[in-house]
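I would like to walk through one structure with you, slowly, and I will begin with a question once it is on the screen.

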Amino acid sequence: MIETMLHPTALARKDSIGLVAPAGQLPNISRFETGIRILSEMGFEPRFPRTMWPGYGYLADSDTNRLAELHKNFADQEIKGLIAARGGYGCLRLAGDVDMQLIRRERKMLVGFSDISLLLNQVVHQAGLLCLHGPVITSLCDCTPPALERFYHCITGNWGKGITPKNLEIIRGEGEAKGMLVGGNLSTLMTVLATPFDFSWEDKIVLLEDVSEPLYRLDRMLTQLSLAGKFDKVKGIILGDFNFGQNLDFLEKMRNLEYIWTRIKELTRTSQATVWANFPSGHCPDNLTIPLGATAIMDCGSGELRFE
């Protein structure tokens, strides 16, 4: 990992933003078009292939073309930042070929979540460049006004403002926990275990969220992470949104959430890590943009997540 963490260049109104698809193809063009309109109304100029992405099964395009698009957008001097069109699956197939020297040199904003969190963490640890875990183009239409406001502030360079969620659950913790913020989608993070793209969780604050995963699979993934030693020296765990992929009523969902919260508390017993739950991040309308690679402070007294 590169020790000196660089901040990406902040976007300004009228800047061109490259919309890239390093993962899955677009299942719904109307959602993409709505996302483009939202970006335009914010004052930015979205840039994307006019022929769209041809699709390759569940992928937006071939590995070669998706990688070339990513590199082209980082190298293009007219494009000031990059936002993923959607998540899905595909970043793992590109991981070994991403030009980290190019990305570090150009210092452009990279925004996304879900499968894109694999690429974000790779850029943080291999290029030493802070990235933004936040909405993709096709999820902007679902975002609440506070999420859109936070998204705008972050891409224009104001990601340092703290977040104090209304319904935060402090599962364990007193005082403050401090460390580099990393993580993202739980299923995606599992795919890099025992690969060259895995990264240490020691002294880190790790965000975890997921969607459409039943309770037993979430338990299995968390248990595997524990057996792999990931929780042994972690400073903090932030549990974002979890959707269990079932039509659960409110009480059933709460029972499942509480089970996950309890399981994390059990698995972090050795490290006695600070554990927060119900944080507004992930596959939810309140998907608040946060800076991966930044030094984060979990203040248990105020319930605020702030950044240095």
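Predicted model: local features only at pLDDT ≥ 70, side-chain atom pairs only at ≥ 80, totals over all residues.

A disulfide would need the two sulfur atoms to be within 2.5 Å. Cys 131 is also buried, with a relative accessibility of 1%. Cys 143 is likewise in no disulfide, since the sulfur of Cys 141, the nearest one, lies 7.9 Å away, and at 12% relative accessibility Cys 143 counts as buried too. For the structure as a whole, the number of disulfides is 0.

If we search the whole structure for cavities of 30 Å³ or more, we find 2 of them. The largest has a volume of about 50 Å³, and among the residues that line this largest cavity are Leu 118, Asn 121, Gln 122, Phe 197 and Phe 199. Helix H5, which covers residues 116-127, and helix H7, residues 186-190, each give at least two residues to this lining, and the largest share, 3 residues, comes from H5. Sorted by class, the lining of the largest cavity has 5 nonpolar and 3 polar residues, with no charged ones.

The second largest cavity has a volume of about 40 Å³, and its lining includes Trp 201, Leu 225, Asp 198 and Lys 230. Here the classes divide into 6 nonpolar, no polar and 2 charged residues.

Is Glu 209 buried or exposed? With a relative accessibility of 0%, Glu 209 counts as buried. Leaving aside residues up to four places away in sequence, its contacts include Phe 113, Asn 185, Asp 241 and His 283. Glu 209 and Phe 279 are 70 residues apart in sequence, and yet their C-alpha atoms are 9.3 Å apart in space.

Finally, let us consider the charged pairs. Side chains of opposite charge can pair when their charged atoms come close.

In one of them, Glu 78 pairs with Arg 47, with 3.3 Å between the closest N and O atoms. This pair links distant parts of the chain, as Glu 78 is in the loop between helix H2 and strand E3 while Arg 47 is in strand E2, 31 residues apart. Arg 47 is partly exposed, at 26% relative accessibility.

Another salt bridge joins Glu 266 and Arg 263 at 3.0 Å, N to O. Both residues belong to helix H9, and because they are 3 residues apart there, about one helical turn separates them. Glu 266 is partly exposed at 35%, whereas Arg 263, at 19%, is buried.

The last pair is Asp 299 with Arg 306, whose closest N and O atoms are 2.9 Å apart. Asp 299 counts as buried at 14% relative accessibility, and Arg 306 as partly exposed at 25%. This pair belongs to a network, in which salt bridges that share partners join Glu 176, Asp 299, Glu 304 and Arg 306.

Key. Residues numbered from 1 in each chain as written. Heavy atoms only, no water. Buried < 20%, exposed > 50% of the residue type's maximum accessible area, 1.4 Å probe, protein only. 1 Å grid on protein atoms, 1.4 Å probe; cavity = no way out; pocket = protein on both sides within 12 Å on 5 of 7 lines; lining within 4 Å. Points joined across faces, edges and corners; volume = space filled by probe spheres on them. Helix = DSSP H or I, 4+ residues; strand = E, 2+ residues; numbered from the N terminus. Nonpolar A, V, L, I, M, F, W, Y, C, P; charged D, E, K, R; others polar. Contact = heavy atoms within 4.5 Å. Salt bridge = Lys/Arg side-chain N within 4 Å of Asp/Glu carboxyl O.
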